[in-house]
Amino acid sequence: MATNAAGRKPETQLALVRRARKMNRILAETYPDAHCELDFRNPLELLVATILSAQCTDKRVNMVTPTLFAKYPTAEDYAAADRTDVEEIIRSTGFFRAKTNNIIGMAQAICERHGGEVPGKLKDLVKLPGVGRKTANVVLGNAFGVPGLTVDTHFQRLVRRFGWTEETDPVKIEHVVGELLPKREWTIFSHRVIWHGRRLCHARRPACGVCPLTALCPSYGTGPTAAAEAQKLVRSGPFS
């Protein structure tokens, strides 16, 4: 049985599955246009953009990637890139030295192991420098159409608030949530949750009073419940 907030009866797995799927349906109605907010045209561009998005806003990443993508259109170009040039282009995204190491290392590995093409399997992606399960699932789900859950900070915070899990390890969270929803929904559900976390369900003061999940969320009341006050907290994109 899943553990709910204080004062609520323990929830059976079946009840949790039903509640999770109903919440997903509501999020689908609330965010019909949910999508990856990183700009890209192919798997390599998305992989690079996702590496750059660590500790950085999507808006900032989208500001620097046109220049980066134009100068380095292929994995071979990144693999042979001048480190100083890459650092200068991506400097504003933060941690630019480490990100440059990851991008060049990732590209070199792709050239050496995969003929210059981004692999379309999780087991291959996570072996690339700077690529963990979160980044791999972003690329698989959005560039290859392979269902995956993107367990970023928003996703982790929200599924715990939803009472779906108490796990804190991203891999364990991924497996728990994967058992609650149909596999075909994993990628789009990730976008819906991330959008909800960026727009309403903020870390410090969620906009509970205008949240469409009120009746199903055990954390209702964490933020202001008065509609007028909650509405002031609602944000619109692009986001981090």
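## Packing of H2 and H8

The angle between two helices is taken between their N-to-C directions and runs from 0 to 180 degrees, with each axis fitted to C-alpha atoms over the stretch in contact. In this predicted model, helix H2, residues 43–52, packs against helix H8, residues 133–144, at an angle of about 150°. The axes of H2 and H8 lie 9 Å apart. Because angles over 145 degrees count as roughly antiparallel, H2 and H8 are roughly antiparallel to each other. The crossing of H2 and H8 is right-handed.

On the H2 side, the contact is formed by Pro43, Leu46, Leu47 and Thr50. These residues meet Thr135, Val138, Val139, Asn142, Ala143 and Phe144 of H8. Sorted by class, the contact of H2 with H8 comprises seven nonpolar and three polar residues, and no charged ones.

## Packing of H1 and H11

Helix H1, residues 13–30, packs against H11 at an angle of about 70°, and the two axes are 10 Å apart. H1 is therefore roughly perpendicular to H11.

Asn24, Leu27 and Ala28 of H1 make this contact with Phe189, Arg192, Val193 and His196 of H11. By class, the contact of H1 with H11 contains four nonpolar residues, two polar residues and one charged residue.

## The largest pocket

By class, the lining of the largest pocket has twelve polar, eight nonpolar and five charged residues.

H8, helix H9 (153–161) and helix H11 (186–199) each supply at least two residues of this lining. H11 gives the most, with four residues.

## The cavity

The structure holds one cavity of 30 Å³ or more. About 120 Å³ of space lies in the largest cavity, and 15 residues line it. Nearest the centre of the largest cavity are Cys201, Pro206, Cys208, Cys211 and Cys217. The lining of the largest cavity divides into ten nonpolar residues, four polar residues and one charged residue.

Technical notes. Residues are numbered from 1 along each chain as its sequence is written. This is a predicted model: local features need pLDDT of at least 70, side-chain atom pairs count only at pLDDT 80 or more; totals for chains, interfaces and linings use all residues. Side-chain values use heavy atoms; hydrogens and water are left out. Angles under 35 degrees count as roughly parallel, over 145 as roughly antiparallel, 65 to 115 as roughly perpendicular and the rest as oblique. A crossing is left-handed if the near helix is turned anticlockwise from the far one by less than a right angle, and right-handed if clockwise. Contact means heavy atoms within 4.5 Å. Ala, Val, Leu, Ile, Met, Phe, Trp, Tyr, Cys and Pro count as nonpolar, Asp, Glu, Lys and Arg as charged, and the others, Gly among them, as polar. On a 1 Å grid over the protein atoms alone, a cavity is a set of points where a 1.4 Å probe fits but cannot get out, and a pocket is an open set with protein on both sides within 12 Å along at least five of seven lines; lining residues have an atom within 4 Å of a point. Grid points are joined across faces, edges and corners, and a volume is the space filled by probe spheres set on the points.
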